[in-house]
Amino acid sequence: MAQAIDYFYREHWAADIQMRVSHGARRQMFERWHAYAGHPSAGRLLDVGSTPDTERLDSNCMIPWFHQVGLQVTLYSPEDLSGLAETFSFARILPARGFGEPIPVSRREYDWVTASAVLEHVGTAANQTAFIAECARAGRGLFLTTPNRWHWLEFHTKLPLSHWLPRSTHRSVLRALKLPFWAEEKNLRLVGRDELGALATAALGHDWEWTVSSVRTLGMPSNLLLLARFRGER
């Protein structure tokens with residue numbers, strides 16, 4: 001099985017605590033989406049950015065939840081997901097096409113497209129806009145989540161407050177702390193609520209209705225949710 005990219009600095013002493021906090025937050029986000037979607041008990045869902053990782057409690061944790069409520073689940077990632085075939089025997093797994101490549105599905109093929117904690121890892125603002133637009137091409141509903149830049153703790157590096165600095169300064173700090181992976185924009189670009197709204201406006205145009213919501217962890221909004229429905233032709 002392919003080695004999963006370590007997006008959560010699992011060697012850090014607080015990684016286990018962060019994993020459990022993240023799992024609880026993801027359950028909250030799932031329930032928020034389920035209510036927004038009208039508690040669907042059928043339909044087709046595409047999970048974009050599934051991870052090959054099978055070790056962390058919060059990795060791919062929403063996939064069985066979608067299945068349990070009755071959705072037909074398909075998994076896609078730029079990474080090789082072949083190792084998940086046994087873990088998620090109910091799911092269809094699409095072949096990987098590499099980072100930055102189009103999702104290999106037809107336009108509006110799915111009722112819902114979800115991407116959990118992927119947006120912050122696709123690079124520049126232009127790349128983030130393109131990612132939202134590509135997810136929207138594939139479905140008639142969107143459920144995208146991403147960490148809130150303005151939470152006091154940055155959950156990947158486990159560092160407080162430094163990510164509130166201007167992005168260039170923050171990257172310099174990360175390099176000085178010998179965290180060069182996170183200093184690269186292609187690996188981490190956090191957004192706040194207003195910027196996520198601006199990205200959605202640019203990506204979705206007038207054919208979608210959307211809202212940005214959040215869940216709270218450790219005293220502040222920790223995760224942002226982009227929830228959207230296509231309102232053009234069916």
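Before anything else, my terms: two strands pair if DSSP finds at least two bridges between them. Helices (H or I, at least four residues) and strands (E, at least two) are DSSP runs, numbered from the N terminus. This is a predicted model, where local features need pLDDT of at least 70, side-chain atom pairs count only at pLDDT 80 or more, and totals for chains, interfaces and linings use all residues. Residues are numbered from 1 along each chain as its sequence is written, and side-chain values use heavy atoms, with hydrogens and water left out.

**Entry 1: the sheet**

I looked up the strand order and found an open sheet of seven strands, S3-S2-S1-S4-S5-S9-S8, with mixed pairing. At the edges sit S3 (92-93) and S8 (208-217), each pairing on one side only. I reminded myself that strands of a sheet pair through backbone hydrogen bonds, either parallel or antiparallel.

**Entry 2: strand S4**

How many bridges join S1 and S4, and in which sense do they pair? I found three bridges, in the parallel sense. Leu 45 stands opposite Trp 112 in S4. On the S5 side, S4 again pairs in the parallel sense, over four bridges, and there Ser 116 stands opposite Thr 145 in S5.

Next I checked burial (buried means under 20% relative accessible area, exposed over 50%, partly exposed in between, with a 1.4 Å probe and protein chains only). Five of the five residues of S4 are buried, so the strand is largely enclosed by the rest of the structure. Both faces are covered: Trp 112, Thr 114 and Ser 116 are buried on one side, and Val 113 and Ala 115 on the other.

**Entry 3: strands S5, S9 and S8**

I moved along to S5 and S9, which run antiparallel and are joined by seven bridges. Leu 142 has Ala 228 of S9 as its bridge partner. S9 (residues 220-230) also runs antiparallel to S8, with 10 bridges between them. On that side I noted Trp 208 opposite Phe 230, and Arg 216 with Pro 221 as its bridge partner.

S8 and S9 form a hairpin with two residues between the strands, and Leu 218 there takes a positive phi near 55°. Is S9 enclosed or open? Eight of its 11 residues are buried, so S9 is largely enclosed by the rest of the structure.

**Entry 4: helices on the sheet**

Contact here means heavy atoms within 4.5 Å. For directions, axes are lines fitted to C-alpha atoms, for helices over the stretch in contact, and angles run from 0 to 180 degrees between N-to-C directions.

I found helix H6 (residues 193-204) packed on the sheet, touching S5, S8 and S9, with its direction at about 155° to that of S8.

**Entry 5: Thr 146**

I picked Thr 146 because I was already in strand S5, where this residue is found. Thr 146 counts as buried, at 2% relative accessibility. A polar contact is a pair of N or O atoms within 3.5 Å; within protein, one must be able to donate a hydrogen and the other to accept it, and residues adjacent in sequence count only if both atoms are side-chain atoms. By that rule the side chains of Thr 146 and Glu 120 make a polar contact of 2.8 Å. Leaving aside neighbours within four places in sequence, Thr 146 is in contact with Leu 119, Glu 120, Val 191, Leu 196, Asn 223 and Leu 224.

**Entry 6: the loop between S1 and H2**

I looked up two residues in this loop. Ser 59 is found between S1 and helix H2 (62-68) and counts as buried, at 17% relative accessibility. Its side chain makes a polar contact of 2.6 Å with that of Asp 53. Beyond neighbours within four places in sequence, Ser 59 is in contact with Thr 51 and Asp 53.

Pro 52 lies in this loop between S1 and H2 too. What is its state, buried or exposed? Pro 52 counts as buried, at 2% relative accessibility.
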